[in-house]
Amino acid sequence: MCLIVNKCFSVRGILKFRPVFLSTMSLEKAKQVAAYRAVDEFVTNNCVFGVGSGSTVVYAVQRLAEKVETENLKVTCIPTSFQAKQLIFKHNLTLGELDTNPILDVTIDGADEVDANMTLIKGGGGCLLQEKIVASCSKIMIVIADYTKDSKKLGERYKKGIPIEVIPMAYVPIKNKIVSVYGGDIKLRSAVAKAGPVVTDNGNFILDWLFTNQDLDWHNVSTAIKNIPGVVETGLFVNMCHKAYFGQPEGIVIERSASL
Ligand SMILES: O=C(CO)[C@H](O)[C@H](O)COP(=O)(O)O
């Protein structure tokens, strides 16, 4: 349920109060219900579990920790980022790595946008490279998201573009090549609490490609962009996600499956 607060405003010097719905409450609730549902359905004893990144995954790890504790489960967690590793430590979960666990049973991760074909934009939090590596090693990849991520076409709802992780020395030629072939605009992602660019967990830069054509073949586009020297990975996840859970503002969860 939404929290209602009174917003104060003045009409001809008389103070009046108007109710305001805080949509952030329903957004957090939506993330939580999606995350809890996915963990409840996919975490089993002795599983190797990929821990995604972002704010929705925080709820998934909370639920995982609860289940491990109350059901006395043994779960090995493979992180997709520095943030994911910190979450694993914070909840006293068992940390694994791909060297010793190269095949995962399931990865649960967030997404910035999911289209009707279950193609994803990921990397809003800058963790796309490790997220894609871990998802590619998983038998099943599950997305957990709030209702704002559910789209018909990529770019319909997520307006920050497709993240592309690049080797720093090559960011200008890469940017020029992508724009000359596909159009749109590309921004070097800037850090918030530091002057200069975002540097990823892998020491690279992130370009955000604000594409204009929503009808591109995303598999071909991702492959072509990856072929540009200096591109490390794209935030396009094509044919990787098996199922998505979209939490709704009223607390229900809508599921969508892909036939991979
Ligand atoms: O891809 C990601 C980070 O690189 C995240 O999964 C994506 O940005 C969604 O995050 P949130 O759950 O905070 O909306």
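Student: Which residue forms a salt bridge with arginine 189?
Tutor: Aspartate 208 does; in this predicted model the closest N and O atoms of the pair are 2.8 Å apart.

Student: Is aspartate 208 buried or exposed? And what about arginine 189?
Tutor: Aspartate 208 has a relative accessible area of 9%, so it counts as buried. Arginine 189 is buried as well, at 14%.

Student: What joins β11 to β12?
Tutor: Four bridges, with the strands running antiparallel. Leucine 188 stands opposite leucine 207 in β12.

Student: What is the strand order in the sheet?
Tutor: The open sheet has four strands in the order β11-β12-β10-β13, with antiparallel pairing. β11 (185–188) and β13 (231–234) are at the edges with a single partner strand each, so one side of each has no neighbour in the sheet. From one strand to the next, the twist averages 30°.

Student: Which strands does helix α5 touch?
Tutor: Helix α5 (residues 171–182) packs on the sheet and touches β10, β11, β12 and β13. Its direction makes about 15° with that of β12.

Student: Back to charges. How many salt bridges are there?
Tutor: The count comes to 17. One of the pairs is lysine 122 with aspartate 109, at 3.1 Å, N to O. Both lysine 122 and aspartate 109 are buried.

Student: Which residues are linked in a network of salt bridges?
Tutor: Arg37, Glu41, Lys243 and Glu255 are linked that way.

Conventions. Residues numbered from 1 in each chain as written. Predicted model: local features only at pLDDT ≥ 70, side-chain atom pairs only at ≥ 80, totals over all residues. Heavy atoms only, no water. Pairing = 2+ DSSP bridges. Helix = DSSP H or I, 4+ residues; strand = E, 2+ residues; numbered from the N terminus. Axes fitted to C-alpha atoms, helices over the stretch in contact; angles between N-to-C directions. Contact = heavy atoms within 4.5 Å. Salt bridge = Lys/Arg side-chain N within 4 Å of Asp/Glu carboxyl O. Buried < 20%, exposed > 50% of the residue type's maximum accessible area, 1.4 Å probe, protein only.
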